[in-house]
Amino acid sequence: MAADKLTTTVSSKGQVVLPKAIREEHRWRAGTRLTIESTPDGVLLKPSSPFPAAKPADVFASLPYRGKPKSVEEMEAGIAAEAGRRHARD
């Protein structure tokens with residue numbers, strides 16, 4: 001693919017059609033949101049994250065728990081019980 005020189009044209013509305021080979025290579029389907037960066041070599045297109053960047057402090061305690069704190073052993077027992085429940089055979 002890199003050896004092939006693909007071209008496109010900018011429309012009067014500023015639109016550019018990406019060649020099918022490029023869209024398929026990157027698995028960009030209709031509706032894919034792309035981030036555009038200007039670089040010294042030209043323009044870089046990258047898929048956008050569907051979620052804004054977040055730091056742990058931004059989301060810490062976003063789902064508050066008001067009960068008594070659980071020990072590591074209690075948490076592990078709860079996880080094991082739920083896994084057993086989900087994978088139990090009839």
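**Figure 1. Accessible surface and overall shape of the predicted chain.** The accessible surface of this predicted chain comes to about 8900 Å². Of that area, 57% belongs to carbon and sulfur atoms. Accessible areas come from the Shrake-Rupley method with a 1.4 Å probe, and for residues only the protein chains shown count as cover. Of the 90 residues, 1% count as buried. Buried means under 20% relative accessible area, exposed means over 50%, and partly exposed lies in between (1.4 Å probe, protein chains only). The C-alpha trace spans about 65 × 40 × 25 Å along its principal axes.

Residues are numbered from 1 along each chain as its sequence is written. In this predicted model, local features need pLDDT of at least 70 and side-chain atom pairs count only at pLDDT 80 or more, while totals for chains, interfaces and linings use all residues; side-chain values use heavy atoms, with hydrogens and water left out.

Figure 2. The chain has 3 helices and 2 strands. Their order along the sequence is α-β-β-α-α. The radius of gyration is 24 Å, well over the 12 Å that the globule rule gives for 90 residues, so the chain is more spread out than a compact globule. The radius is taken over C-alpha atoms, and the globule rule is 2.2 Å times the number of residues to the power 0.38. Helices (H or I, at least four residues) and strands (E, at least two) are DSSP runs, numbered from the N terminus. Among contacts with a separation of 6 or more, 5% are between residues 24 or more positions apart. Contact means heavy atoms within 4.5 Å.

**Figure 3. Lys13, ahead of helix H1.** Lys13 sits in the segment before helix H1 (20-26). Its relative accessibility is 71%, so Lys13 counts as exposed. Ala77 lies 64 residues from Lys13 along the chain, and their C-alpha atoms are separated by 60 Å.

Figure 4. Glu24 and Lys20 meet through their side chains in a salt bridge (3.7 Å, N to O). A salt bridge is a side-chain nitrogen of Lys or Arg within 4 Å of a carboxyl oxygen of Asp or Glu. By this rule the count is 4. Glu24 and Lys20 are 4 residues apart in helix H1, so about one helical turn separates them. Both Glu24 and Lys20 are exposed.

Figure 5. Arg27 lies in the loop between H1 and strand S1 (34-39). Arg27 is not a glycine, yet it has a positive phi of about 60 degrees. With 66% relative accessibility, Arg27 counts as exposed.

**Figure 6. The pair Glu37 and Lys46.** A salt bridge joins the side chains of Glu37 and Lys46 (2.9 Å, N to O). Glu37 counts as partly exposed, at 30% relative accessibility. Lys46 is also partly exposed, at 35%.

**Figure 7. Charged side chains in helix H3.** Arg86 forms a salt bridge with Glu82, with the closest N and O atoms 2.7 Å apart. Being 4 residues apart in helix H3 (residues 72-86), Arg86 and Glu82 are separated by about one helical turn. Arg86 is exposed, at 60% relative accessibility. Glu82 is partly exposed, with a relative accessible area of 26%. Salt bridges that share partners join Glu82, Arg85 and Arg86 into one network.
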